Amino acid sequence: MTDSKYFTTTKKGEIFELKAELNSDKKEKKKEAVKKVIASMTVGKDVSALFPDVVNCMQTDNLELKKLVYLYLMNYAKSQPDMAIMAVNTFVKDCEDPNPLIRALAVRTMGCIRVDKITEYLCEPLRKCLKDEDPYVRKTAAVCVAKLHDINAQLVEDQGFLDTLKDLISDSNPMVVANAVAALSEIAESHPNSNLLDLNPQSINKLLTALNECTEWGQIFILDCLANYTPRDDRESQSICERVTPRLSHANSAVVLSAVKVLMKFMEMLPKDLDYYGTLLKKLAPPLVTLLSAEPELQYVALRNINLIVQKRPEILKHEMKVFFVKYNDPIYVKLEKLDIMIRLASQANIAQVLAELKEYATEVDVDFVRKAVRAIGRCAIKVEQSAERCVSTLLDLIQTKVNYVVQEAIVVIKDIFRKYPNKYESVIATLCENLDSLDEPEARAAMIWIVGEYAERIDNADELLESFLEGFHDESTQVQLQLLTAIVKLFLKKPTETQELVQQVLSLATQDSDNPDLRDRGYIYWRLLSTDPVAAKEVVLAEKPLISEETDLIEPTLLEELICHIGTLASVYHKPPSAFVEGSRGVQHKRLPARAGSGESAESPDTVSTGGVSEAPPAVIPSQGDLLGDLLNLDLTPPTTTGPPPPTSSMQMGAMDLLGGGLDSLMGDDSEPSHIPLRTDTPQSPQLHHHSPSPPDYSPTELGGDIGGSPAMGASFGAPPAVMPGSFNAPVSGGLSDLFDLGGGVGMPMGAYVPPKTVWLPAMKAKGLEISGTFARRSGVVQMEMTLTNKAMSVMGDFAIQFNRNSFGLAPAGPLQVLTPFTPNQSIEVTLPLNTVGPVMKMEPLNNLQVAVKNNIDVFYFSCQYPISMLFVEDGKMERQVFLATWKDIPNDNESQFQIKDCHLNSDAASNKLQGSNIFTIAKRTVDGQDMLYQSMKLTNGIWILAELKVQAGNPNYTISLKCRAPEVAQSVFQSYEAVLKN
Amino acid sequence: MIGGLFIYNHKGEVLISRVYRDDIGLKLDIQIGGVQSKAPGLRNAVDAFRVNVIHARQQVRSPVTNIARTSFFHVKRSNIWLAAVTKQNVNAAMVFEFLYKMCDVMTAYFGKISEENIKNNFVLIYELLDEILDFGYPQNSETGALKTFITQQGIKGQTKEEQSQITSQVTGQIGWRREGIKYRRNELFLDVLESVNLLMSPQGQVLSAHVSGRVVMKSYLSGMPECKFGMNDKIVIDKQGKGGASDDAGKSGKQSIAIDDCTFHQCVRLSKFDSERSISFIPPDGEYELMRYRTTKDIILPFRVIPLVREVGRTKLEVKVVIKSNFKPSLLAQKIEVRIPTPLNTSGVQVICMKGKAKYKASENAIVWKIKRMAGMKESQISAEIELLPTNDKKKWARPPISMNFEVPFAPSGLKVRYLKVFESKLNYSDHDVIKWVRYIGRSGIYETRC
């Protein structure tokens, strides 16, 4: 007898016939009919009309029939809640059945009937089943508590089921323990602050014992639960690790991955000099490699996780490059992931092998894979300098294949290589130019145009090449248009005589014939620059470009830490925090790695390290994560990796600093471990590697903003283009640009950094006739000391020199003090001294105190002055929203300080504008009950981030400001700067 | 956890649908639009997967798909799709492991997973799904245990003892074996099955090579026997060598092999392996996989492939391939097959081979050369002339690697079974009474040589 016949009935009057059969007296016929009903249900037919008839069949001693009826009930009870009550009696009776299998079946099914009215009847049977003598019933009842909680959480709490469930953790049967753990973990997830799981060394011990005895699935539940525990110290951490490592040999990959998760997390707490730490690292590699021989779907999950692990602890797999080589018949998703990991593991030691492989891949069939392989060659060139030359020649070989997409991809990466190693490989430009015609993708066209513009002086027919692109200007994508505009301006600045016509053509195309605000605005900027100050234009447009860093696609450290806590789960597959794809309260809780406990490195600065405390409650000023994400951040499904700021890279040049009593050290972490906060890096993300950023590589808005903002008269002398800027300018490219447009738009707000008025630092009577008054300013990203020197003595002065004492931020003169000699009596001169922040560091009291020594031909004089800390706020102090959020939560509440700013009569927008002039960036604004909350960030020259929340209430001249920073010492000075900026 | 489980046929029609949680598919209404039904969320989740994955034109780009905040995990067995659906941050590895397990269980019950078999057994499948997944949490899924109470026979007159035996087995520590098994003849079979993988450069350099091996055991043993398995694991032998006689250590040390990593069936006591590296267990009844392992050192590569491809003008290729067998002359390799890829624009092929049969298979774009048997330390060669149609396709031929299949009667990793001891204290049979069989089979995994 086969069941497939049940699928074939499609004739009319079917429901009617089924009804008759269901009410038949013959048992066999009844069963047949129920089977038909289930079959119809499966294929999506609506058989809910048969509800009473099917329920009538429930009273049977035939277990198979009973199960079928239950299946029907689970599907339709919700649509027929009143009828569903009919089934209750049978359930209650079945819960008393002598056969444990039937008791369990009843309690299992009842929990699946999501009808409120039934749940009250469920409580008593459930209570009994939780204490049933048979483990099979207990393990089913444990899960049923989770089901009931999902329907009616309050009921579960009121009935005390949670306590019973907790008791089951000590059950003698391992499967009961495992299911109780699973149920409790799920319930705990929706009550983030409840102490439901109450993990302590005793309960952990019970779990670890059950771990050895329960099914593979139970082991996963227990391991996933263990991962949420934070051991008290490194010893406990080690002993748990020791008991978890045997799981690495389990045949079930999920058990292995969950064990890896526990180990990766608890390892954080182990001192690195411990022998066991090294042993553990060694033990992790083989099981990870073994995962690659699992079925392809699991390989995919494993590879996504390995990608995270390699970023967190590269040492684990550094010798295992070969296992990530792509096999010819791997599914494409496995190939792409392997490729990613290969690049991450590429180093000088293995680069030859990697390159040989990549070259092989570039000849495969799958277009995406080939593209990624070509791109990977470029990334190798950037990552491993010694291989750059070989990479370039490999790319050239690939270009020779003339395969369209290979050529285009190669050109895109070659542009990156040019940026990384300027003036080294330009000999290949000729080859690239040969392929101009075959480029049809915007990205490749833009890259090629960039190359032509950048090296216009070496390409004889650069003007012809660019002109050829110009013909179809309006058909090009924005990316290409912007690039073309910039390239032609570059060309003009390099060869002004022959290209005047061309530049005018492109400027008018961009400004007059285009609807794209970005393009228009950039056109205007160039136009004004060129028409007012060609020299400045040259400085701006042909400015030296910051180098691109080698690993731009690393996952932002805070996110990486969170993802490590989610190894094995969907979050680790998507590389997104659970809040990005899970609705409701579940999974929104952010997980964090525990802090390294006790030993060596962290002992120096225990109070400023803020990594610990998984259960730390979010500060009250920030609304719950979910709200903020929803309201402000418009979080979509694009991976956060592309928006996060680049992680700390080698661009930090302050290793020697010992600022703020060791606080800084702890901020930076030790070398091998990425720190939590995104530190200052001089490198903007390379747009080529990301393909998201519309701005061209050499376009540096901050410079532009600084330069133009400094000459407010410019607007007037600017004739040709229409004077009114587009009013509806939305989404400025960056802070710097928006300044500029406020200016151009005639708002007339005095922007730019706040400069305090000069004060007398050194009175003449104390310095044998030399009077110095001065102030500090930040102009175009450079900190300056602006002084007026007055000679009140009777003789000529000369031989000036200046020196600073060690100070909090390492301020030092960037050049000599240049005073025009002879400096005659009664003469007054203005001197501007540019400063840098690479001098020796010593914490001063107050923090912003600066001791200065000035020498002239008469004597040496000493004075001290205070600088506004705002001049140390750097231009790239605008934090990404997500990072802001994460950082805000990450900084302990102890580090928060609140201040009042009195008598300030600006509205929040004006305040925000004003602050922005001093590099205090507003990241988000929320209005709650007429009160504006501005979330702001700023970054000091030494990489310390300060986060602020400014509350502005309409009509109330008093602002409240909360500051959070890992180095709370700076708060007072920052507050003073706020006050000064806002009130002037 | 898993919110629902669906089985589709190749057309995307639903054969089985079991929903464990309400949350799946609620938001999908917006995505898929109009189609109304009494179970709105469910049908839409079902449709979303069909539209976005099964009917998608392109190749599957990922086994995990997120559609409207709902995640779909899928595996495919022949032309049947199994999809698990969830809205939560589930353990992804567990979901896939579960889907595989589910396939194993179904296969154990009714054989091959095909549309016909699924339709024929849909009541059974529902019953299984009810048992092995509760509220989306996988429960005991050992076929041995399941078969004791999911029988499709209705409920037979089980006694109370039988019932509690079932439940204690399903939930117990030894969920994979029931008590009271009796055999007249206690017998066990061990198969060491290895697949040797190789990627070799055209110049004969080994780019990567590894053996992935499995020890499969068929046990027909009475009672609850305690077993101990030993092999020539380098770590164990070295440890013993230190304690034991020195000449013995020297002798066996040579034959020991370094195992990179191994994983075990859940019956093996992992903590004991971790601490003592001894493999002890109570085996399931019948056939199961005791362990898997991987080695990368000192692999015996049974065959060496030496390719030579020469392009003669634009319309002709000359290919010569030599294979050399590299093992004891007394052993015989079987089922040897060499697959030499040919370009897409091949118009004709002429083949000459010294041994076996070779054929050009146009549909597979390859020359397939088959040899039934070949002894060790021999060599054989094939040469072919490939005529090409002139094309103006700019794209170069990708030159896929030459792949090889074979079977040899030894373990390329060098693994040797040293002992498998059986102890059953309660019954009156001893280790000596058990009849034991061991066999080694080495097969080609992905055994490729680039040309």
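Strand E15 (residues 316–325) and strand E20 (residues 379–388) of chain B pair in the antiparallel sense over 9 bridges. The model is predicted, so local features need pLDDT of at least 70 and side-chain atom pairs pLDDT 80 or more, while totals for chains, interfaces and linings use all residues. Residues are numbered from 1 along each chain as its sequence is written, chains are lettered from A and ligands numbered from 1 in the order in which they are written, and side-chain values use heavy atoms, with hydrogens and water left out.

**Strands of chain B**

- Helices (H or I, at least four residues) and strands (E, at least two) are DSSP runs, numbered from the N terminus; two strands pair if DSSP finds at least two bridges between them.
- An open sheet of 4 strands has the order E14-E15-E20-E17 in chain B, with antiparallel pairing.
- Its edge strands, each pairing on one side only, are E14 (303–311) and E17 (346–353) of chain B.
- On average, neighbouring strands of this sheet are turned by 15 degrees against each other, direction ignored; axes are lines fitted to C-alpha atoms, for helices over the stretch in contact, and angles run from 0 to 180 degrees between N-to-C directions.
- Strand E21 (residues 402–408) of chain B is largely enclosed by the rest of the structure, because 5 of its 7 residues are buried (under 20% relative accessible area; exposed is over 50%, partly exposed in between; 1.4 Å probe, protein chains only).
- E21(B) runs antiparallel to strand E16 (residues 332–341) of chain B, joined by 4 bridges, and Glu337(B) has Asn405(B) as its bridge partner in E21(B).
- E21(B) also pairs in the antiparallel sense with strand E23 (residues 435–449) of chain B over 4 bridges; there, Arg443(B) in E23(B) is the bridge partner of Glu407(B).

**Cores and cavities**

- The largest nonpolar core has 290 residues, and those with the most contacts inside it are Tyr72(A), Leu317(A), Phe418(A), Phe73(B) and Met102(B). Such a core is a set of buried Ala, Val, Leu, Ile, Met, Phe, Trp, Tyr and Cys residues joined through side-chain atoms within 4.5 Å.
- Helix H3 (residues 92–110) of chain B gives the most to this core, with 13 residues.
- Another core, of 63 residues, lies apart from it and includes Trp761(A), Leu835(A), Ile944(A) and Tyr978(A).
- The structure holds 11 cavities of 30 Å³ or more. On a 1 Å grid over the protein atoms alone, a cavity is a set of points where a 1.4 Å probe fits but cannot get out, and lining residues have an atom within 4 Å of a point; points are joined across faces, edges and corners, and a volume is the space filled by probe spheres set on them.
- About 150 Å³ of space lies in the largest cavity; among its 14 lining residues, Tyr328(A), Glu360(A), Glu364(A), Pro401(B) and Arg450(B) lie nearest its centre.

**Individual residues of chain A**

- Glu64(A), in helix H4 (residues 63–76) of chain A, counts as buried at 4% relative accessibility.
- Neighbours within four places in sequence aside, Glu64(A) is in contact (heavy atoms within 4.5 Å) with Lys31(A), Lys35(A), Val123(B), Glu127(B) and Gln152(B).
- The peptide bond from Glu845(A) to Pro846(A) is cis, with omega near -10 degrees.
- Lys402(A) has a positive phi, near 65 degrees, and counts as partly exposed at 35% relative accessibility.
- Asp799(A) has phi near 55 degrees and counts as exposed at 53% relative accessibility.

Notes. 1 Å grid on protein atoms, 1.4 Å probe; cavity = no way out; pocket = protein on both sides within 12 Å on 5 of 7 lines; lining within 4 Å.
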